[in-house]
Every structure is written in C-alpha cells, then in structure tokens.
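Please find below a colleague's note on the model under review.

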Amino acid sequence: MKKIILTIALFVFTAAMLKADTISIKHFIVKENPFAQHEIAIVAADTSDQIQDKVNGKFAFTINGFENELTFQRGVAYYPHKIEKSAFMYVKHKNESGTHSTLYYIYKHGDKLSPLHVSWMWLVAIPLIIVFAGYLFKRFIIIAVVVLIIFVYFNHQNGLSIPTFFESIFDGLKHAITG
C-alpha cells in the first residue's frame, strides 16, 4: 500500500513540476543582433521590457507572413535572415494564451539597424489626420490626397502591405479592448 501511495505522490509531484515549467512568450522586443551585421534578435520580455531569461527552446513565429521556428536561449532568439534595406517587420507569435503581434520599422543607416516600434494608433491617426486636414481646408484636398497616396506608397515599398496594415490595427484594437 505504501508503494502505491508513494508512486501516486511521485506522479502528482512530477506533473506539477512539468506544468510549472511551461513558459510562454506573451511580449517580445525586436533588437539589433549584436553578433551579426544586418540581422535582428527577438527578445522575450515581460511588460516592463525586462528579458525573460527562463525562455529556452523552439517557438513558432510568423515574420512578414512567413513561418519561422526560432530557437530561444536565455530569452533571446536570432532571426537568421539579413536585412538589406529599411523595411517594416510584422512579428507575430501564437501560443496558448492567444496571439501576440508587433509591428516594427527596421531603419537601416550605414551598418546599423534601429528597430522602431510602430503603434497601431499611429497607423490609424496619420491617415485620419490627413483626411481631416483635407476636409477642413477644402483648398488643400488635392494636397491631402497626394500626401495620403505617398503614405500608402511608402508603406507598400517598405514591406507593409494593406492586409498587414489592417491586421496590425485590428490586433492593436483587440489587445486594447481585452487588456
């Protein structure tokens, strides 16, 4: 009888330890890879942007619509593809707690890369301001239309397609509503 109770206790303890070791990525940051030129690193972080050192293993990410399995070691994974020019990068990770996505503009100047987080609010605000300015000043409506076309062209040339544009906005709204 003691062996059965000891075996059951061992299984319960093992199951509890396995469940406690489950680590998921809920927030991440894109940074320049310090070990390779023209490459970036994805850092698993908490909401205060502190690195989660306990994140280790392979995690599935979608970067600009392409599935990638990134290997995290001590909270950092290196994206192996080189960045040749400034571009938008839409990084999405799906796990048990939901989908987590972020839009970055990777600004390349010289041999350095500067990832800039693009908030979904800016994606909504800039076109609305342009349209509102065109509506407010009827004489400048043609200028507003030209500026809006330049805005769309800039986004498209730098890798931000219309579906990704709207997906980023909807993901931001969803996370703003759900908290």
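1. Basis. This is a predicted model, in which local features need pLDDT of at least 70 and side-chain atom pairs count only at pLDDT 80 or more, whereas totals for chains, interfaces and linings use all residues. Residues are numbered from 1 along each chain as its sequence is written, and side-chain values use heavy atoms, with hydrogens and water left out.

2. Overall make-up. The chain comprises four helices and eight strands, where helices (H or I, at least four residues) and strands (E, at least two) are DSSP runs numbered from the N terminus. Their order from the N terminus is α-β-β-β-β-β-β-β-β-α-α-α.

3. Burial and surface. Of the 179 residues, 34% are buried; buried means under 20% relative accessible area, exposed over 50%, and partly exposed in between (1.4 Å probe, protein chains only). The accessible surface is about 12200 Å², and 67% of this belongs to carbon and sulfur atoms; the areas come from the Shrake-Rupley method with a 1.4 Å probe.

4. Contacts. Contact means heavy atoms within 4.5 Å. Among contacts between residues at least 6 apart in sequence, 47% join residues at least 24 apart.

5. Nonpolar cores. A nonpolar core is a set of buried Ala, Val, Leu, Ile, Met, Phe, Trp, Tyr and Cys residues joined through side-chain atoms within 4.5 Å. The largest has 22 residues, and Ile42, Phe61 and Phe72 have the most contacts inside it. Two or more of its residues come from each of β1 (28–32), β2 (40–44), β3 (57–63), β4 (66–72), β5 (76–79), β6 (87–95) and β7 (98–109). A second, separate core of 10 residues includes Phe88, Leu103, Val118 and Phe151.

6. Strand β6. Seven of the nine residues of β6 are buried. Two strands pair if DSSP finds at least two bridges between them. β6 pairs with β3 in the antiparallel sense over three bridges, and Phe61 has His93 of β6 as its bridge partner. With β7, β6 pairs in the antiparallel sense over nine bridges; these two strands form a hairpin with two residues between them. Lys92 stands opposite Ser101 in β7.

7. Val152. Helix α3 (residues 141–157) contains Val152, which is partly exposed at a relative accessible area of 40%. Val152 and Phe165 are 13 residues apart in sequence, and their C-alpha atoms are 9.9 Å apart in space.
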